[in-house]
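Student: Could you walk me through this model and its ligand site?

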Amino acid sequence: MRSHLAAIALLFPLAGCGQSMDHQPRYDTNSTADIFPNGASAQQPPEGTVPQSALAYQQALADPPPVTEALLQRGKERYGIFCAPCHGFDGDGDGIVVKRGFPAPPSYHSDALIEAPASHFLDVMKNGYGVMYSYADRVAPGDRWAIVAYIRALQLSKHASLADAQAAGVRLQ
Ligand code: HEC
């Protein structure tokens, strides 16, 4: 038994020969790399990658984009994917995940959240809030504006007066 162990102990240094950790094949950043079609070691991130740098956040979140139909449509789509599972399609805080037992979020139609500035929604998406985890790695900064715009539309829709509906051109025929 002892001689077996001695033999194994002797084999280990031999197995390590020629595999110095100091000299491993690797590419330097921004060097050439034959294995990629464009020959560069630093590849472009895949489409849809959410930038995580402080600068990328600052740039994307500095100014609100103009509210257009396209922005609202994008917000509706992203909201349906990322927020509705808990906040519900109407924003009442009764999404399917909540019906399965996750703590219920507050309704977007509370006075506090109607009065909350857009920055509050942006902050919550970036940093999370209480038991709600952060969406920083899933919702691109530009899409966060789209989601806030859509939440604002949801809030308006629940609080529209008859006069608002008439002004918006709601017709029955
Ligand atoms: C997994 C469920 C879940 C998802 C998905 C989710 N939330 Fe939440 N959210 C919560 C819960 C629960 C709370 C309340 C947390 C607490 O008070 O501890 C909350 C709180 C919030 C608040 C703060 C409310 C306040 O009182 O100020 C905002 C704003 C919010 N969510 C926005 C969003 C947006 C926007 C999305 C989509 C990008 C989203 N949430 C996705 C569960 C979720």
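Tutor: A polar side-chain atom of His87 sits 2.7 Å from a nitrogen atom of the ligand, a polar contact being a pair of N or O atoms within 3.5 Å. This is a predicted model, in which local features need pLDDT of at least 70 and side-chain atom pairs count only at pLDDT 80 or more, while totals for chains, interfaces and linings use all residues. Residues are numbered from 1 along each chain as its sequence is written, and side-chain values use heavy atoms, with hydrogens and water left out.

Student: Which atoms of the ligand do His120 and Val131 lie by?

Tutor: For His120, a polar side-chain atom lies 2.6 Å from an oxygen atom of the ligand, whereas Val131 places a backbone N or O atom 3.1 Å from an oxygen atom of the ligand.

Student: And which residues come nearest to the ligand?

Tutor: Of the 22 residues around the ligand, the nearest are Cys83, Cys86, His87, His120 and Met132, where a residue counts as near if one of its heavy atoms lies within 4 Å.

Student: What about the protein chain's average?

Tutor: The protein chain averages a pLDDT of 86, and 88% of the residues score at least 70.

Methods
Polar contact = N/O pair within 3.5 Å; in protein donor to acceptor, adjacent residues only side chain to side chain. pLDDT = per-residue confidence, 0-100.
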